[in-house]
Amino acid sequence: MANEKKGVSRRDFLKTTGIATGSIVGGGLIGGLIGYNVNNNGGTALEEKTGNTSKNDISTRGRMFFSNDKDFKILSQATERIFPEDDLGPGAIGLGVPYFIDNRLYGNYGNNSREYMQGPFFAGEATQGYQSKLTRAEIFTQGIQKMESEAESRFDTSFIELDGEQMDEILTDFQKDKIKMTGVSSEFFFKLLRQATLEGAYADPIYNGNNNMDGWRMKGFPGHQAAYINDIEKEKFMKIEPKSINTMH
Amino acid sequence: MVKTLEKVDVVTVGVGWTGGIIGAECAKAGLKVRGLERGNKRGTADYLRVHDEFKYAIRYELMQDLSKETVTFRNNRKMRALPMRQMGSFLLGEGLGGAGTHWNGMTYRFLPYDLEIKSQTEKKYGKNKLSKEYTLQDWGITYGELEPYFDKFEKTIGLSGDNENPFMGERSSDYPTPPMKKTPILKKFETATKKLGYHPYMVPSANLSESYENPDGERIAACQYCGFCERFGCEYGAKSSPEITVVPTAMKTGNYDVRFHSNVTEVLKEGNKVTGVKFIDRQTGEEFIQPAEVVVLTSYVLNNAKLLMVSDIGEQYNPETGRGTLGKNYAYQIGPGSSGFFDEQMNVFMGAGALGMTIDDFNGDNFDHQDLDFIHGASISLAQTGSRPILTNPVPPDVPVWGSEFKKASIENYSRTLSVFGQGASMPHKENFMSLDPDYKDAYGLPLLQITYNFTEQDRNLHKYITDKTESIMKEMGAKTVVPGAPLTDYDIVPYQSTHNTGGTIMGTDPKESVVNNYLQHWDADNLFVVGAGNFPHNSGYNPTGTVGALSYRCAEGIIKYSKNGGSLA
């Protein structure tokens, strides 16, 4: 199972990371050479909530996009498999990632407001990138329904009733493009889902994920700090209590 | 219906580095200049909440709105070109300052060799070093001629650097400010490359090591190493950008203004002169004509070429016949590199856009190519730009890319991974070019620009050679696991690689082989200037902005000369 889940060969991995195609740094490469990021573009951040999102104050958080509870639970379970709770700290659900994704889908990101969406549409070659006529909101809706129908046909129950291994089996087939979707590949949907999960885990808490900045705490990233000019020459790794930009008023 | 505005001496299309420099120099010389900028006004006060990776680095807050305009792309002429529906490979700018707002600030001078690459290659290696399919040419200007303009740009931006690079062209003066701080991460690279016999130096940085007042009286603050630079604006005013330097310089002359939300759709030409430009106000949809004595195209590489094409100025390049120059020699860059996984945690989240060290031992013709199957080379660098958590999830290749093992490994390695990367030069090829797309249109009804591009044999050979070098450096730096990049295959427009697109409006000495002369003046209209990285006949192994800045000062001088005397400056 573990091997199955890897899903990408070394070569695919390198290609996806940009090493194969050659990632240059004009813009920041330490992250660019290694990683597995779907290229998400376009929309601006939206619907910023001004209240803080610490554990004591999650009352402002709510769903904007998913009206159906089951759909939201399927999304939640899938993100938790991608980024699970462990001894290091919370997983996607604990970090609020499903709310982050829900809120993003109801806005520029979900509506592809800043992407070129004029036809005609053709599948194209892999080197030509995203060519779907569907918006991200439509892709997520369809993908979640597809996860559910796969669960029903394989295990005769809902996705949210499956055990972890069974969920992984379905998610792995999405990743490996073995699931037939309409107007988009399951591989592309999986990349979106994975990338959105990481965004929700590590974006500033103003976007309703990264609850209590625990994503940053796990990773050792201090978030918004004014300056490192007095520390950058120090040899020792510095653990710094993270700060959100919501501390600026 | 189309409203005609009052005539100005000079109109620039776009207000980034090129438009800002032209604006400042021409306005100081007494010319009335108007900048037409399709995006918003913005400045330091707009960047106070910029420490937001999601908004700026993922959702590209400061960049081009592709719903209005994009490009189409294909790897070769047999493929159907399709639109770049979301940004990836390169990040286009929009708004005051253009891409000069969200650049990293790495500011190099191209090598003397670059400017005379064809004649020097033939002299040293013979006429057949590269096949005829590579449309190599000299730039029509030497390093000695361009040096004063490099000097001027560096003084405008207060460039921070050291004098440790033995391969650099001769300088008429020192860097205006001392180099940035040499951090423990940079020292790892310095020690390793010195041990291997190479010559490391600090990346010349437009994030300044100390506060500075430039010759025009503009103040640039000292960099605070906050780690949010590329893809972001600077909340300290410590990254030299057009909106804190050349734009205010132009404004205070009283001879300059900028009209925002103004998207130019055509350069108007009558006989052998241009008369002005037509633009659409993006807020009202109204069309205007801005008459001008001189028109300067100062938008990005891609739009400069597109505007000439839709205005039918110059002859479109045809790869079948080799005729025509517009759209010719589109080039890019390659990014060979190696990642290294270390045992110790490092302060990777601290940084600055141009904080890094580089070697030029394998750049240009600084090493012998007699027995090599390529020309030119790459700068090889390590940069500490500030690693942020959404985009930095490094895992060794045997680890899955999601699930519990991924979570553990990506968190473990976030602060334990470094990369050594090359910026590999890109030689022009007859099959790599720009033209107008026959099918897809922008929001104003104009055809999209079409890019036909793929990596070539020269790229693959150079890539392999430099990858090996980066691997040996990373090993010497003491990484416990070194992962070299895979061999170069086809160009893919999806993953981010580099916003160093070049060519299409190339410069030279012969109208049959170039679009503009060495004052960046169009061969077909004396009062039309086109300036930017589009003027590069090939791309070098460095970031392009230093050379773009130099060409802009050269161009400004040409416009002022033309305004006095008229005629061709060639």
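Does Asp312(B) count as buried or exposed, and how many C-beta neighbours lie inside 10 Å?

## Basis

This is a predicted model: local features need pLDDT of at least 70, side-chain atom pairs count only at pLDDT 80 or more, and totals for chains, interfaces and linings use all residues. Residues are numbered from 1 along each chain as its sequence is written, while chains are lettered from A and ligands numbered from 1 in the order in which they are written.

## Asp312(B)

Asp312(B) counts as exposed because it has 12 C-beta neighbours inside 10 Å. Buried takes 20 or more other C-beta atoms within 10 Å of a residue's own, exposed 12 or fewer, partly exposed what falls in between; C-beta atoms are placed from the backbone. Asp312(B) sits in the loop between helix H8 (301-310) and strand E13 (337-341) of chain B. Its phi is positive, near 55 degrees, and it is not a glycine.

## Chain B overall

Chain B has 11 helices and 20 strands (DSSP runs, H or I of at least four residues and E of at least two, numbered from the N terminus). Its C-alpha trace spans about 65 × 55 × 50 Å along the principal axes. Of its 570 residues, 66% count as buried.

## Loops of chain A

Asn212(A) lies in the loop between helix H9 (186-202) and helix H10 (214-219). This residue, not a glycine, has a positive phi of about 60 degrees. Asn212(A) counts as buried because it has 21 C-beta neighbours inside 10 Å.

The peptide bond from Gly119(A) to Pro120(A) is cis, with omega near 5 degrees. Pro120(A) belongs to the loop between helix H6 (108-111) and helix H7 (136-155).
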